[in-house]
Amino acid sequence: MQKTNPGRFFEDYELGMVIDHAVPRTVSGGERAMYHALYPMRHALYSSDEFARASGLPSSPLDDLAAFHIVFGKTVPDVSLNAVANLGYAEGRWLKPVYAGDTLRASSEVIGLKQNSNGKTGVVYVRSRGYNQHDECVLDYKRWVMLRKADLDAPAPDTVIPDLKSALNPQDLVVPEGLDFSTYDFTLSGEPHRMSDYEIGETIDHVDGVTIEEAEHMMATRLWQNTSKVHFDVTARPEGRLIYGGHVISMARALSFNGLANAQMIVGLNAGAHANPCLAGQTVRAWSEVLDKAETKAPGVGAIRLRLVATKGGAPFELKGETGKYNPDVLLDLDYWALMPL
Amino acid sequence: MQKTNPGRFFEDYELGMVIDHAVPRTVSGGERAMYHALYPMRHALYSSDEFARASGLPSSPLDDLAAFHIVFGKTVPDVSLNAVANLGYAEGRWLKPVYAGDTLRASSEVIGLKQNSNGKTGVVYVRSRGYNQHDECVLDYKRWVMLRKADLDAPAPDTVIPDLKSALNPQDLVVPEGLDFSTYDFTLSGEPHRMSDYEIGETIDHVDGVTIEEAEHMMATRLWQNTSKVHFDVTARPEGRLIYGGHVISMARALSFNGLANAQMIVGLNAGAHANPCLAGQTVRAWSEVLDKAETKAPGVGAIRLRLVATKGGAPFELKGETGKYNPDVLLDLDYWALMPL
Amino acid sequence: MQKTNPGRFFEDYELGMVIDHAVPRTVSGGERAMYHALYPMRHALYSSDEFARASGLPSSPLDDLAAFHIVFGKTVPDVSLNAVANLGYAEGRWLKPVYAGDTLRASSEVIGLKQNSNGKTGVVYVRSRGYNQHDECVLDYKRWVMLRKADLDAPAPDTVIPDLKSALNPQDLVVPEGLDFSTYDFTLSGEPHRMSDYEIGETIDHVDGVTIEEAEHMMATRLWQNTSKVHFDVTARPEGRLIYGGHVISMARALSFNGLANAQMIVGLNAGAHANPCLAGQTVRAWSEVLDKAETKAPGVGAIRLRLVATKGGAPFELKGETGKYNPDVLLDLDYWALMPL
């Protein structure tokens, strides 16, 4: 019997199948320190226990994207080890903050299947959930990947494409219990801009750039226990190691502090595209666009919908060419909801 | 008086000499996070406090190899600063898990001496022990190194070669107090294979590879406070920085998850050879061979003896040429006992 | 309204202005582990809770230089984002150790201003203080930077140059409450040399070297939330990424263990010059000179004043040429007070 995990292929998935992912993970101050060493993170709520307490939380949570990466990493051996492409995300919701001492596990449910017309590949839609040690769901998101068939003779499944929202509604968002921005300290947070200072349609060039190193993206990706070999083995692809898309997400989010320092908590992931591959040596920059704004029921807490674009050069605010294709310099196009003082 | 440590030379050792090593070390969740960022570790017992508790331990311990590296690192300034070669290991036993908050120190006893016939070098055998803050021995192992003589006129000591077991017997192994695999969760651990699924003589190719970076091996080696200059100073050797052999051990062990996910705790080190030097840019792969199996007195807990081989290329399962010499692609040949659900 | 921080220019400062810096930071065992992975730190008081307790402290503090880097990093967006040069430090005092769980914030007061005769730049002197969550000042230092004017027509301020001590007097130094070296363990600390073993004027070559990697200095600099773009963006300067001067300080201090293992706590910063830029690929070495010695009121605790020089090659103990200019191989010339067993 083969002992190693060959990963699943398209024909190995059935609609409704639930996969409990392996290797639960306890987080500590160590993961936070690593996260802040890997990305230029400065959002005060994730940097200071005191700031978090002043905002109604028991202490500073693990960065929302770090929680996402941990849950995502757990799904990789079961969902995307043989992925041809990571096609999209939708309806991602952070339901509870993750704190030092919490243990995360994950499971995924197959919610859609579509064999491609070439008969060689297909698209699998999964809904993945991360849970803490109290069996509380902390994160819930959908993604779809293109997978190869190992057995081309396997019959095509019935096509089921899930009905996915193009963006979460503000009322879908879950504000962490106790969160209160009514006495928010704009000096300590780093910028004076509250939600009312941002206009829908406004764009922000985050100015700074970070040149990416091999050691860093591998350390990050391993920390999330993501086992995809293309990130680690220089012999796996002719172009060299492909950087985990989540590394670019976290880098861009951290860069966005400069202009969006008060977009503190990420609570919704509407959509995301890894537009072009990222390789070591490239210098990542970021810009944002305000897509929407909404109130929440929590005191002083608004929700802002942002497009976050990471590039490896080129002018800011240019996303796609006339053909509708992403410009070659665009690495990431992410659509998310964050919580911000009103 | 010279203030810096020139390291000891062969003639500086006497049989029975005990050296208390410097710089005790307190570990925290930070060391665990760093370890998981440096190596693709996924063994559940070392990743999740909850999994560890379900296995009868108070929380997730520090990785056994991290504990080894810390103890080993303490011995370097006193034992191997002037080593020509690190020749071997024997009778290594992990006696107690190390937990966050523990403070480790180490001491070594000289248990053998043999001057080489060239009169210029000699072999020193030491028994090194690591202790926690309760003066409990957590690790006990023997290793021997070849050292230069600084004073070629120093008389040769009486030759004493310690009687070392070629491998520990299963009854020599210490199972951590309370360990219980009778309700082991094979879904959370990542693989369904229990000890009875492995055959003596079975070989496993662990498939994945990791390309090594300078920044990573230096961070790892510094974390263990290992001061050997060849790992850090590019000018020390014409080939560039030599990677700490323990970095290769940890990398290979982490890669072995894929096929040996349930070989959870390392409790015995029978032998180890750093067959060829490892340099940055090389891609490390690993394969294992099942050498032996045994029961223990702990509920549901078996012991499996494994050969773990790290390579920088070449076909798996090839170790030595006709001359009995290691193939040039082999980096490490390690023989250890691990605990696994029966 | 521009949302991103353009940084302040010379004309934006006024004498007496107080700037409260953003983004407080809670530290944990994670920051300690990262610090020990980035630098070959071995000072026992910062490595072992047990050693720290035996010295009268509640546990092992965060390295003094790590505390300095955190406070310094907070000042960067408000003080030195547009700095042409970081000119000097004076009167730096560590007033309280920083422990895991502490949250640090910082503020700076403008204590001097001098427009340069070219009318295009000026020097700003600031006194920066770091505070913990109890509003206790943990660090207090002065530095001066040269800044560009954005508006060349802005009037020159009255010139005020603060009166700065060329070195702190021993009685200015604050010994942490409870510190007691009367039962100091010189075996565990790593070297037998007490303060009486050092002569004023004595020089020590710390022997070892570390070759610097891009990934490491960026991780370090990000960990301190230092946002200066020249450290991260390879396109910012023709020579490539400039390494944060604090990275060189920490590297040199760590290397100085070999010969100064018992210079445990840094309590005073008299002066410091970043003599030449440091770039990745360079191998950093260090040497020290004993400048002064003094007693303190704490049992068994002496204060030693040291010059710490980091180089990228060249012979030790050579600092300046005949013209009084630093030799091109000198990276750092630091003058500090440390506490050492008498």
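Mentor: D333(A) counts as buried, because its relative accessibility is 10% and the cut-off for buried is under 20%. Keep in mind that this is a predicted model. D333(A) sits in strand β12 (residues 330-341) of chain A and R307(A) in strand β11 (residues 301-311) of chain A. The two residues are 26 residues apart, and the pair links distant parts of the chain.

D335(B) belongs to strand β12 (residues 330-341) of chain B and R305(B) to strand β11 (residues 301-311) of chain B, so the pair ties together parts that are 30 residues apart in sequence. Both D335(B) and R305(B) are buried. Salt bridges can also share partners: R32(A), D49(A), E50(A) and R53(A) are joined into one network in this way.

Over all chains, the structure holds 63 salt bridges. One of them is formed by the side chains of R241(A) and E213(B), at 2.8 Å from N to O. R241(A) lies in the loop between α5 (214-223) and α6 (245-255) of chain A, while E213(B) lies in the loop between β8 and α5 of chain B, so this pair joins two chains. Both R241(A) and E213(B) are buried.

That pair leads to the interface itself. Between chain B and chain A the count is 5 salt bridges. Polar contacts across this interface, with both residues at pLDDT 80 or more, come to 23 residue pairs. Several elements of chain B each supply at least two residues of the side that touches chain A, among them α2 (49-54), α5 (214-223) and β10 (283-295). The largest share, 8 residues, comes from α1(B). By type, the residues on this side of chain B divide into 18 nonpolar, 15 polar and 12 charged.

Next, the extent of the contact. Chain B gives 45 residues to it and chain A gives 33 residues. About 3,000 Å² is buried between chain B and chain A, and carbon and sulfur atoms give 56% of that area. A37(B), R42(B) and L188(B) supply 20% of the area that chain B buries against chain A, more than any other three residues.

Last, the way the two chains are placed. Chain B is superposed on chain A by a rotation of 120° with 0.0 Å of shift along its axis, at an RMSD of 0.0 Å. That is the relation of a three-fold axis. The copies use different surfaces, as 9% of the contact residues of chain B recur in chain A. Within chain B, the residue that comes closest to the rotation axis is G30(B), whose C-alpha is at 2.2 Å.

Notes
Residues are numbered from 1 along each chain as its sequence is written. Chains are lettered from A and ligands numbered from 1 in the order in which they are written. This is a predicted model: local features need pLDDT of at least 70, side-chain atom pairs count only at pLDDT 80 or more; totals for chains, interfaces and linings use all residues. Side-chain values use heavy atoms; hydrogens and water are left out. Copies are superposed by least squares on the C-alpha atoms of residues with pLDDT of at least 70 in both. Contact means heavy atoms within 4.5 Å. Buried area is the accessible area (1.4 Å probe) that two parts lose on being put together, summed over both. A salt bridge is a side-chain nitrogen of Lys or Arg within 4 Å of a carboxyl oxygen of Asp or Glu. A polar contact is a pair of N or O atoms within 3.5 Å; within protein, one must be able to donate a hydrogen and the other to accept it, and residues adjacent in sequence count only if both atoms are side-chain atoms. Helices (H or I, at least four residues) and strands (E, at least two) are DSSP runs, numbered from the N terminus. Ala, Val, Leu, Ile, Met, Phe, Trp, Tyr, Cys and Pro count as nonpolar, Asp, Glu, Lys and Arg as charged, and the others, Gly among them, as polar. Buried means under 20% relative accessible area, exposed over 50%, partly exposed in between (1.4 Å probe, protein chains only).
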